[in-house]
Amino acid sequence: MHIIKLNAIDSTNSYLKELVVDELVQNFTAVVAEHQISGRGQMGTVWESEKGKNLTFSVLIEFDSLRITDQFYLSMAVALGVLTGVKGYVNSNLYVKWPNDILADKDKLAGILIENILKGANVKYAIVGIGVNVNQELFSNEIKNVTSLKKNSGHSIDKDALLEKIVASIKYFVGFVEKKQFQELKELYIDVLFKFNKPAMFIDNSGNQFLGKIIDISEDGRLEIELENEKTRKFNLKEIKFASR
Ligand code: BTN
């Protein structure tokens, strides 16, 4: 495994993105930082992580022929890879909260930010950014429903060994994407999907709360929710969130 270790950087995703443009980078190279000065989360949020305590890293994945329209399968593969990589370290049930947060019971353990470099109708490179809460024990009061491997298990964890495990398991699930085994991947994802087929409260982007249950994920990665009136609606990332966890 090829690892680039950095002490401090703005964001490992930004660093790796620039590196790929400037030079040849081996597939599955991981850039890991002890501290990110401006770690980025999904939808323009900030990823907070206590210096030296956690894993904040980005992995480069190169594709020969991944259509942009199939990119959600990569998101599934990465989520499954992270979930499987942390499995031996937790006492709780692990879930993927759509689209790709990793939860231990109801609490967020890891987040994923994938940024694609496109070529025509294909994804040429994916910059897969992952933040795993490893040995951090205290979190700011503003961050709710969060945990770490140490909080969950009571033990300190060797970050280097964990990094190797996660990257190896991402590689395994990305194999499904490379072989276009999309249906198998989707079944594995649905198996661990938080609140799948269970009634849950959601909020749409107009602030309306409603009861529904997740019944499927569409090919483009949208969440399919069955409403109380038995109609189905599809939502993309910007259109919906869980009301409570
Ligand atoms: C989220 O849940 O909002 C996604 C968080 C992704 C954080 C990781 S940490 C390593 C990589 N570099 C970044 O700036 N972000 C990702």
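Colleague: Which residue in β7 is the bridge partner of Ile112?

Modeller: Ile130 in β7 is the bridge partner of Ile112. This is a predicted model, where local features need pLDDT of at least 70, side-chain atom pairs count only at pLDDT 80 or more, and totals for chains, interfaces and linings use all residues. Residues are numbered from 1 along each chain as its sequence is written, and side-chain values use heavy atoms, with hydrogens and water left out.

Colleague: How many bridges join β6 to β7?

Modeller: Strands of a sheet pair through backbone hydrogen bonds, either parallel or antiparallel. Here two strands count as paired if DSSP finds at least two bridges between them. The strands are DSSP runs (E, at least two residues), as are helices (H or I, at least four), numbered from the N terminus. Ten bridges join β6 to β7 (residues 122-132), and the two run antiparallel. On the other pairing, β5 (residues 101-104) is joined to β6 by three bridges, again antiparallel. Leu103 has Lys108 as its bridge partner in β6.

Colleague: In what order do the seven strands of the open sheet lie?

Modeller: The order is β1-β2-β3-β7-β6-β5-β4, with mixed pairing. β1 (3-9) and β4 (94-97) are the edge strands; each has a single partner, so one side of each is left without a neighbour in the sheet. Neighbouring strands are turned by 25° against each other on average, direction ignored. For such angles, axes are lines fitted to C-alpha atoms (for helices over the stretch in contact), and values run from 0 to 180 degrees between N-to-C directions.

Colleague: What is the strand order in the open sheet of five?

Modeller: β11-β10-β9-β8-β12, with antiparallel pairing. β11 (232-235) and β12 (240-242) stand at the edges with a single partner strand each, so one side of each lacks a neighbour in the sheet. The twist averages 50° from one strand to the next. β10 (residues 223-227) pairs with β11 over four antiparallel bridges.

Colleague: Which residue in the turn between β5 and β6 has a positive phi?

Modeller: Most residues other than glycine have a negative phi, and most peptide bonds are trans. Asp105 is in that turn, with a positive phi of about 55°. The hairpin of β5 and β6 has two residues between the strands. The β6 and β7 hairpin also has two residues between its strands, and there Gly120 takes a positive phi near 60°. Met43 is not a glycine, yet its phi is positive at about 55°. Met43 sits in the loop between β2 and β3 (55-67).

Colleague: Which two residues does the cis peptide bond join?

Modeller: Trp98 and Pro99, with omega about 0°. Pro99 is in the loop between β4 and β5. Pro99 also turns up among the residues closest to the centre of a pocket.

Colleague: How much space lies in the second largest pocket?

Modeller: About 620 Å³. The search uses a 1 Å grid over the protein atoms alone: a cavity is a set of points where a 1.4 Å probe fits but cannot get out, a pocket is an open set with protein on both sides within 12 Å along at least five of seven lines, and lining residues have an atom within 4 Å of a point. Points are joined across faces, edges and corners, and the volume is the space filled by probe spheres set on them. This pocket has 23 lining residues; closest to its centre are Gln71, Phe72, Ser75, Pro99 and Leu237. α2 (71-86) and β6 (107-119) each supply at least two lining residues. β6 gives the most, with five.

Colleague: How many cavities of 30 Å³ or more does the search find?

Modeller: One. The largest cavity has a volume of about 30 Å³. β2 (residues 30-36) gives the most to its lining, with four residues. By class, that lining has one nonpolar, six polar and three charged residues.

Colleague: Which residues come nearest the ligand?

Modeller: Near means a heavy atom within 4 Å. Of the 21 residues around the ligand, Ser11, Gln36, Arg40, Gln42 and Lys108 come nearest. Gln36 is also one of the residues lining the largest cavity.

Colleague: Which atom of Lys108 lies 2.7 Å from an oxygen atom of the ligand?

Modeller: A polar side-chain atom. A polar contact is a pair of N or O atoms within 3.5 Å; within protein, one must be able to donate a hydrogen and the other to accept it, and residues adjacent in sequence count only if both atoms are side-chain atoms. Gln42 uses a backbone N or O atom, 2.7 Å from a ligand oxygen. A polar side-chain atom of Thr12 lies 3.2 Å from a ligand nitrogen.

Key
Nonpolar A, V, L, I, M, F, W, Y, C, P; charged D, E, K, R; others polar.
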